[in-house]
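Subject: Structure handover

Hello,

Here is the structure for you to look through. Please open it next to this email and follow along.

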Amino acid sequence: PLGAPLNLPFRQQTYAVSELCSELRELVGEAYASIWVSGEVQRLRPSQRGHHYFELIEKGAGDEVLAKLEAVAWRRDFERIRRSLAADGQELAEGHEIRCRCDLDFYPPFGRLQLVVREVDPTFSLGLLARRRRETLSALEAAGLLERNKRLVLAALPLRIVLVTSADSAAYHDFVSTLGESGYGFRVLLVHAAVQGQTAESEIASALSALAYV
């Protein structure tokens, strides 16, 4: 009869959200287990439980973000990673490019893909640093700046020193402590600037520009 409710059977399988998420997690976990991924660390943030969350990103030529994945290093994995990097004088920090072995996990409560980082390759970061050092030295040489400091006439013992680094950083305290142990009356002017991360380049350049008027 006209207006009677339709009672048609479903022609295709209908998933509950939790069922689909469970299948996705299983598929992703099997397909992308123990893979190596490289990218730049951003928004590194530790939790109270010792886990470390961050983003692993890839940038284009114009420094724009091409792709991004959430990542986590659980406490035990992070401690092992920290010790491995420290043995080569490195650390997991924002702005550093890393190559890491990880599992790809889908977390149903948040509907989120994330990399679970198990290991970080210290030789990858050392190779990038060496390459960038060579590129920087070549650029300085081409600009006639590599030997510029050697042409400056300095006092036998310059007592006025300007230090460009992050305020209250370990580098600042180590530098000042070493000067204090020398027995000479050094005067240190600190100019704060981030020395790593996205803002490092602009802050260091601004600090050096400001010193032209000191």
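The largest nonpolar core has 17 residues. A nonpolar core here is a set of buried Ala, Val, Leu, Ile, Met, Phe, Trp, Tyr and Cys residues joined through side-chain atoms within 4.5 Å. Buried means under 20% relative accessible area, exposed means over 50%, and partly exposed is in between (1.4 Å probe, protein chains only). The residues with the most contacts inside this core are Phe 54, Leu 56, Leu 92, Ile 98, Cys 100, Val 117 and Val 120. Strand 2, strand 3, helix 2, strand 4 and strand 5 each supply at least two of the core residues. Strand 4 gives the most, with four residues. In soluble globular proteins, nonpolar side chains tend to be buried together.

Before you go on, note that this is a predicted model: local features need pLDDT of at least 70, side-chain atom pairs count only at pLDDT 80 or more, and totals for chains, interfaces and linings use all residues. Residues are numbered from 1 along each chain as its sequence is written, and side-chain values use heavy atoms, with hydrogens and water left out.

Helices (H or I, at least four residues) and strands (E, at least two) are DSSP runs, numbered from the N terminus. Contact, or touching, means heavy atoms within 4.5 Å.

Which residues does Ile 98 touch, not counting residues up to four places away in sequence? They are Val 37, Ser 38, Gly 39, Val 41, Leu 56, Leu 92, Val 120, Phe 124 and Ser 125.

**The barrel**

Five strands close into a barrel in the order 1-2-3-5-4, and the pairing is mixed. Two strands pair if DSSP finds at least two bridges between them. From one strand to the next, the twist averages 55°. Angles run from 0 to 180 degrees between N-to-C directions, and axes are lines fitted to C-alpha atoms, for helices over the stretch in contact.

Look at strand 4 (97–107) and strand 5 (residues 112–120). They pair in the antiparallel sense over eight bridges. Find Arg 101: its bridge partner in strand 5 is Glu 119.

Helix 1 (residues 17–31) lies across strand 4 and strand 5, and runs at about 150° to strand 4. Helix 2 lies across strand 2 (52–59), strand 3 (65–73) and strand 5, and runs at about 45° to strand 5.

**The parallel pair**

Strand 6 (residues 160–165) and strand 7 (residues 187–192) run parallel, joined by six bridges. Between them the chain passes through helix 4 (residues 170–180), and this β-α-β crossover is right-handed. Right-handed means that, with the strands pointing away from the viewer, the path from the first strand over the helix to the second runs clockwise. Leu 163 has Leu 190 in strand 7 as its bridge partner.

Thr 165 lies in strand 6. Is Thr 165 buried or exposed? Its relative accessible area is 6%, so Thr 165 is buried. Leaving out residues up to four places away in sequence, Thr 165 touches Ala 171, Tyr 172, Leu 190, Val 191, His 192, Ala 193 and Val 195.

Ala 200 is in helix 5 (residues 200–211). Ala 200 counts as buried because its relative accessibility is 8%.

**Cysteines**

How many disulfides are there? The count comes to zero, where a disulfide is a pair of cysteine sulfur atoms within 2.5 Å. For Cys 102, the nearest cysteine sulfur is that of Cys 100, 4.3 Å away. Cys 102 is buried, with a relative accessible area of 0%. Cys 21 is also buried, at 10%.

**Loops and backbone**

Gly 89 lies in the loop between helix 2 (75–86) and strand 4. Gly 89 is exposed, because its relative accessible area is 71%. Gly 89 and Cys 21 are 68 residues apart in sequence and 41 Å apart in space, C-alpha to C-alpha.

Most residues other than glycine have a negative phi. Ser 34 has a positive phi of about 55° although it is not a glycine. Ser 34 sits in the loop between helix 1 and strand 1 (35–46), and is partly exposed at 39%. Arg 43 has a positive phi too, of about 50°. Arg 43 lies in strand 1 and is partly exposed at 45%.

Best wishes
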